[in-house]
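Subject: The two-chain model for you to explore

Hi there,

Here is the structure I promised to pass on to you. Have a look around it first, and then read my notes below.

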Amino acid sequence: MLTLPGALRAAIIAHARADHPDEACGLIAGPEGTDQPQRYIPMTNAARSPTFHEYDPAEQLKVWNEMERRGEEPVVIYHSHTATEAYPSRTDIALAGEPGAHYVIVSTRDPEQAEFRSFRIVDGTVTEEEVRTAGDDPPGDDLAGDDLAGDDPAGDDPAGDDGVAVPEE
Amino acid sequence: MAIEVRIPTILRNYTGGAKSVEGSGSTLASLIADVDSRHSGLAERLVDDGGLRRFVNVYLNDEDVRFLGGLEAPVKDGDTVTVLPAVAGGQS
């Protein structure tokens, strides 16, 4: 499961809308080992394409060096699809190089309603996961948001119905 | 002669989990071959028939080696080489 602050979810969707019809891309860093997405880092899509995204290599190094200095790792890696569903494509799967990250995909194909879904992509295997925004939990229930993706066996949320067709922020 | 080679998470299975390894060589190509001799399989993840793999970023002292001669980039003792898989994808 991915737990993230509502403000960061909104920021990702806003970025995707702003870059549409090009794909938007970026990440959210968090302290190593905590699975807590905290620091929102939008990236330039060096490909500037409606069907492809790629971080500028020089920018990527700066960001990765800074995360190293701050004891962070990429917790969320996000990008948008501008004409297709919010699901990892073959290329997304083939190029997923951060096995510990939550891969968030936003679809901006519908101008009224953004789709926001999250996945783990490990060794070519895609597992969709629930997305929970901070504030969804009643008091006393999973406050730390520490129900890590590993606790949810693949297949528990086959419909991926949490996060599909969310209202526009 | 020691050159530090920083290894990304996804390639640390080749280095027993190590975040960086040391190697030697006068060019990036010879450095990669040297590191591969102790961490077999690593070279194949970095290099293909056409040279450095398309979606693997390699930096020499924070500069993209694509601008320094690629595999022929000269390296020396005290240099740091960083490898990062490109973050990229498409709609198909």
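Before the notes, one term you will need: two strands count as paired if DSSP finds at least two bridges between them. With that in mind, look at the end of chain A, where A:R120 has A:T127 in β8(A) as its bridge partner. Please remember as you read that this is a predicted model. Its scores are ipTM 0.95 and pTM 0.85. For chain B the average pLDDT is 96, and 99% of the residues score at least 70.

**The sheet of chain A**

Chain A has an open sheet of six strands, in the order β3-β2-β5-β6-β7-β8, and the pairing is mixed. Its edge strands are β3 (39-43) and β8, each of which pairs on one side only. From one strand to the next, the twist averages 30°.

Let's walk through some of the pairs. Strand β2 (residues 25-31) of chain A is joined to β5(A) by seven bridges, and the two run antiparallel.

Is β7(A) enclosed or open to the outside? Seven of its eight residues are buried, so β7(A) is largely enclosed by the rest of the structure. A residue is called buried if 20 or more other C-beta atoms lie within 10 Å of its own; A:S118 has 27, so it counts as buried. For a sense of scale, A:S118 and A:R17 are 101 residues apart in sequence and 18 Å apart in space, from C-alpha to C-alpha.

**The helices on that sheet**

Helix α1 (residues 6-19) of chain A lies across β2, β3, β5, β6 and β7 of chain A, and runs at about 50° to β6(A). α2(A) packs on the sheet too, touching β2, β3 and β5 of chain A, with its direction at about 145° to that of β5(A).

**Chain B**

Chain B has its own open sheet, made of five strands in the order β2-β1-β7-β5-β6, with mixed pairing. The edge strands here are β2 (20-23) and β6 (63-64) of chain B, and each pairs on one side only. Strand β5 (residues 56-60) of chain B runs antiparallel to β6(B), and two bridges join them. In this pair, B:Y59 has B:D64 of β6(B) as its bridge partner.

Helix α1 (residues 28-38) of chain B packs on this sheet, where it touches β1 (3-6), β2 and β7 of chain B; the helix direction makes about 115° with that of β2(B). Which residues of α1(B) are buried? They are B:L28, B:L31, B:I32 and B:V35. These four cover an arc of only 100° around the axis, so they lie on the same side of α1(B). The buried residues of α1(B) pack against β1, β2, α2 (42-46), β3 (47-48) and β7 of chain B.

**Where the chains meet**

Now for the contact between the two chains: 25 residues of chain A are in contact with 18 residues of chain B. On the chain A side, β4 (52-54), α2 (57-70), β5 (72-81) and α3 (90-95) each supply at least two residues. The largest share, five residues, comes from α2(A). By type, the residues on this side of chain A divide into eleven nonpolar, ten polar and four charged.

α2(A) lies across β5, β6 and β7 (80-85) of chain B, running at about 105° to β7(B). And β4(A) is joined by three bridges to β8 (residues 88-90) of chain B, with the strands antiparallel. Look there for A:E54, whose bridge partner in β8(B) is B:A88.

Enjoy exploring, and send me your questions!

Best wishes

Definitions and conventions:
Residues numbered from 1 in each chain as written. Chains lettered and ligands numbered in written order. Predicted model: local features only at pLDDT ≥ 70, side-chain atom pairs only at ≥ 80, totals over all residues. Contact = placed C-beta atoms within 7 Å. Nonpolar A, V, L, I, M, F, W, Y, C, P; charged D, E, K, R; others polar. Axes fitted to C-alpha atoms, helices over the stretch in contact; angles between N-to-C directions. Buried ≥ 20, exposed ≤ 12 C-beta atoms within 10 Å, placed from the backbone. Arc of directions from axis to C-beta. pLDDT = per-residue confidence, 0-100.
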